[in-house]
Structures are given as C-alpha cells and as structure tokens.
Amino acid sequence: MVQYGTEDPAMVGKGETTRDRILEAAEAAVLAKGFGATSIDELIAAVGITKNGFFYHFRDKNELARALLLRYLEREEAILDDLFARARTLSDDPLHAFLVGLKLFAELMEDLPEGHPGCLVATYCYQERLFDAEVRALNRRIVAGWRARFRALLEDIAATYPMRETVDLDDLADTVSAIVEGGLVLGRAMGDHYILPRQVMVLRSFVKLLFAPHSQPVAAS
C-alpha cells in the first residue's frame, strides 16, 4: 500500500504537476467564493482527476489549506524581496529606498490587467472556524512576518531620520498591510482595481512626510 506523501520516483514529475494544478484550481475557487464554498468534488472535476487522486496529494481540506497558504507565502515573499532589493540598488538611503519600493509595488499592482486576485490570508481570517489550529497559527505567522519585514525597513529609516510625530514602529509596519488589504477590499467593492495602487501611493506620501527632516521643507515628487 502506498502511504500518503510518498510517490514512485518515476511519477514525481507528473505528481508535482497534478499537485500544482490542484492548488491553482483551489486558489482561484477560494479567492472567488471562499474556502467553505469550495468543494473537493469541484476541484477534482476542474483538474480532471479522481477523488483518490486528490487524497493522494492532500489528506484532507486542512492539508490543502496549509499547502495553499505556504504556496501563497512563498510567492508573495519572492515578490517583496525582489521589489525592495531592486529599490535598495537604486538608493543607499533607507528612506528613499523604502519610498522607491512602495512605488514599484504600486506600479506592479497597477499593471495587473484585472487587478490583484485577492489575499488568501484575509480570506482565511473571514472563515477561520473552518480551519484547524495549525492553519490558523500559520496564518498568524504570515501576518507577523509582514510586520517584522516592514518594521526592519522602518527601523533603518528611523535610525537616520527622526520622526516628525512619534509613531510605534509595529503599528506603522502594520499600516502597510492594512493599506494593502483595505485597498483590495475597496477595489473589489467599487469595481476599481486602481484603488489599491493609489492607496499605496498615499501611504508613500505619509511615510515621506513622517520622516521628512525638520530642517528641510517637504518637497513634492
């Protein structure tokens, strides 16, 4: 009997492709209508496999939920790593680099033809009773990771540029996530996917004002 999580080496390539197709179909369905409304039956129909084929890759829906989150996290982390690394190559100044990174992110969101498809982390929060403790903990760790990422960048800025108004750096770091998540909701509600990039640019202006040197007027850009 083949145990869950083991595969014949000759079938690894095919198995990985099938697993990816399941995850693609599941993510699209979950973002469109929520995890609770997404059934295993519709996923196996979309991918063209049997129910046994689904359970070969995922023990249950919580296993699928974890895999979706980890895949989402890996993709989002790669995007943010790339954007802010590119920004740092354009400026050694931590404030300027952060502002460039936000602008690059806004431009990326603006260039998506149909807008950002949505956030799995937020979707899971709305239906957290459907998930086991491990999935809920993973979701919290992802949000905490966003806070840590942006706080580290803001600490570098604060070490060079004193704030004009005292703001807790954790709260300021959370504001980045709040702007993005809120922009996604507003864009979906208003049918305008440009709301998100505009909100990111508003955040950029706020950060620029907050850390503007006291001895210099705030220049428009």
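The second largest pocket of this predicted model has a volume of about 420 Å³. A pocket is an open set of points on a 1 Å grid over the protein atoms alone, with protein on both sides within 12 Å along at least five of seven lines, and lining residues have an atom within 4 Å of a point. A volume is the space filled by probe spheres (1.4 Å probe) set on the points, which are joined across faces, edges and corners.

Of the 25 residues that line the second largest pocket, Glu76, Phe105, Met109, His116 and Val180 are the closest to its centre. Helices H4 (61–90), H5 (94–111), H7, H8 and H9 each give two or more residues to this lining, and H4 supplies the largest share, 6 residues. Helices are DSSP runs (H or I, at least four residues), numbered from the N terminus. The lining comprises 18 nonpolar, 3 polar and 4 charged residues; Ala, Val, Leu, Ile, Met, Phe, Trp, Tyr, Cys and Pro count as nonpolar, Asp, Glu, Lys and Arg as charged, and the others, Gly among them, as polar.

The largest pocket holds about 580 Å³ of space. Its lining consists of 30 residues, of which Gly118, Cys119, Glu181, Leu184 and Val185 are the closest to the centre. Two or more lining residues come from each of H1 (12–33), H6 (120–126), H7 (133–160), H8 (169–190) and H9 (195–210), with H8 giving the most, 8 residues. This lining divides into 14 nonpolar, 11 polar and 5 charged residues.

Residues are numbered from 1 along each chain as its sequence is written. In this predicted model, totals for linings use all residues.

Terms used: Predicted model: local features only at pLDDT ≥ 70, side-chain atom pairs only at ≥ 80, totals over all residues. Heavy atoms only, no water.
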